[in-house]
Amino acid sequence: MKITVTVNAADYTRDVEPRLLLIHFLRDDLGLTGSHWGCDTSNCGACVVWLNETPVKSCTVLAVMADGQRVNTVEGLATPARLDPVQEAFAACHGLQCGFCTPGMMMTARWLLDNNPDPTEAEVREAISGQVCRCTGYENIVKSVLWAARRESGGAGAVPGLRPGEGLTGEGLPRA
Amino acid sequence: MAAGGTGQVFPRNIVAAAWGHDHERAGADRVDLNTVTEFAPATEATWRDGDAWLGGGTFLFSQPQPGVTRLLDLAAFDWSPVTEDADGVAIAATCTFAELARWRPSHAAFAPFAALAARCCHALLGSFKVHNVATVGGNLCLSLPAGPVTALASTMDGVVLLRGRGESRGMPAADFVTGDGRNALRPGELLTRLWLPAASLSARTAFRQLSLSPAGRSAVLVAGRRDRFADTVVTVTASTPRPVCLRFPAPPTPAEAVAALDAQRPEYLDDVHGNAAWRAAMTRRLIGEVLAELAS
Ligand SMILES: Cc1cc2nc3c(=O)[nH]c(=O)nc-3n(C[C@H](O)[C@H](O)[C@H](O)COP(=O)(O)OP(=O)(O)OC[C@H]3O[C@@H](n4cnc5c(N)ncnc54)[C@H](O)[C@@H]3O)c2cc1C
Ligand code: FES
Ligand code: FES
């Protein structure tokens, strides 16, 4: 079937099999391998993208269902000049280890902050529920999202569990 | 990556990626839907063997569907998710959990129903990313014991509207689910909508749900409703393979309700979500809590 999908504001027309999932369309047909394919059962959330500004698990959508629709993936977060604050936050707060869950986490975090610029820690945890991280224990992911919220609001308020300047990746440790 | 080397079981696709399958090979393996060859708008297709109605796909795409060769996309109907008038509320089969949870009635009297609907929506294990696509019709038709729409529809005396080849019929939602993953659908029949009568929508409602982990699949779900004239309905789902509906002309005591439950000789599920004895005990306890809340 011939489909045209707008991915990160660019139109792509391809002939695809009706059974092709959106995640495979993005990764294999378009070469956008930022979105990850983990469980294939809608459980892990590594494949989260936005379909018309709504976060969905792209292993739960057929490519043909995205025909004529808009999709945003992690590749669309940064501009050539600048990382998205969510990306900066994950780097600054060590919000990832292996990085497998990170694209999905960041797409959800971006959506959360667009809809709730000042989330509580509980709201962040709620938003990333249904997304599995085997490495971080989630603590630094939550800190990253809160850090990004502070950065975007221009505020310097403390992020719970992270004193200003403390724990940022690459920062020197105070010497005794 | 040493698959299994640490005793962990990695999903087979992660292992496949680590083993460096080439593109063609990955293409053949990459989808469980390897028998599906066609996708068609449901409005333009006549049902045939090998077809599956496609709601949100959260079940259809999550495991192999060996008998399915064609998916019929229900989105093509473009039904309004929720419509209401003084007689009641109609929820389209294609209404998503997110749409139902967000819905606010224009008839103030239906507010108790809207509140119960939102709680049931959140009782589906799965984050809002699943709620954004999973549908009311898909939940009823998948007919899992932990199907929260089954609980909602049964408690509200809902009627499911079914469209088959050349005939349409309605049946009480409480009778629709007949067992774990089983229902009254005939081959090719489509559930078009769920109808909820006004009389039950303004009733006082109460809801209790238990699972073994904070956002886990429901092991016991008890929902209750008490009408203006004190008619009381209590529905048990999740702990039993099919809904158990208890009806009383006047508010029962907990002992009366439990006696009515036992009289139906429900079978309690025994699986990873909870063992049968625990589920039976918790069902009784939650019935008591629901009745207490309805009376308060
Ligand atoms: C992470 C996760 C957690 C889940 N947790 C739960 C849970 O707690 N409780 C629960 O009940 N389910 C759960 N599910 C299963 C499933 O997601 C839900 O039951 C969901 O509501 C199914 O709806 P859907 O629209 O995605 O169905 P689909 O996958 O589209 O369809 C499900 C089945 O119903 C048929 N069907 C769909 N619509 C119709 C219709 N209108 N008429 C006739 N047949 C139809 C399909 O052909 C298919 O056989 C979970 C799934 C995931 C991925
Ligand atoms: S690959 Fe989609 S949720 Fe895991
Ligand atoms: S960083 Fe490895 S799974 Fe999350």
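In what order do the five strands of the open sheet in chain B run? In this predicted model, the order is β4-β5-β10-β6-β7, and the pairing is antiparallel. From one strand to the next, the twist averages 20°. The edges are held by β4 (82–85) and β7 (168–172) of chain B. Each has a single partner strand, so one side of each lacks a neighbour in the sheet.

Within this sheet of chain B, strand β6 (residues 159–163) runs antiparallel to strand β10 (residues 190–197). Five bridges join the two strands. In this pair, B:L161 of chain B lies opposite B:R193, a residue of β10(B). Strands of a sheet pair through backbone hydrogen bonds, in either a parallel or an antiparallel manner.

The two chains also meet. Chain A contributes 28 residues to the contact, and chain B contributes 27 residues. On the side of chain A that touches chain B, the elements giving two or more residues are α1 (22–29) and β4 (54–57) of chain A. The largest share of that side, four residues, is supplied by β4(A). By class, the side of chain A that touches chain B comprises 14 nonpolar, 10 polar and four charged residues.

The largest nonpolar core holds 126 residues. Of these, A:A63 and A:V145 touch the most other members. Neighbours within four places in sequence aside, A:V145 is in contact with A:A89, A:A109, A:L112 and A:V124.

Notes. Residues numbered from 1 in each chain as written. Chains lettered and ligands numbered in written order. Predicted model: local features only at pLDDT ≥ 70, side-chain atom pairs only at ≥ 80, totals over all residues. Contact = placed C-beta atoms within 7 Å. Nonpolar A, V, L, I, M, F, W, Y, C, P; charged D, E, K, R; others polar. Core = buried A, V, L, I, M, F, W, Y, C linked by C-beta atoms within 7 Å. Buried ≥ 20, exposed ≤ 12 C-beta atoms within 10 Å, placed from the backbone. Pairing = 2+ DSSP bridges. Axes fitted to C-alpha atoms, helices over the stretch in contact; angles between N-to-C directions.
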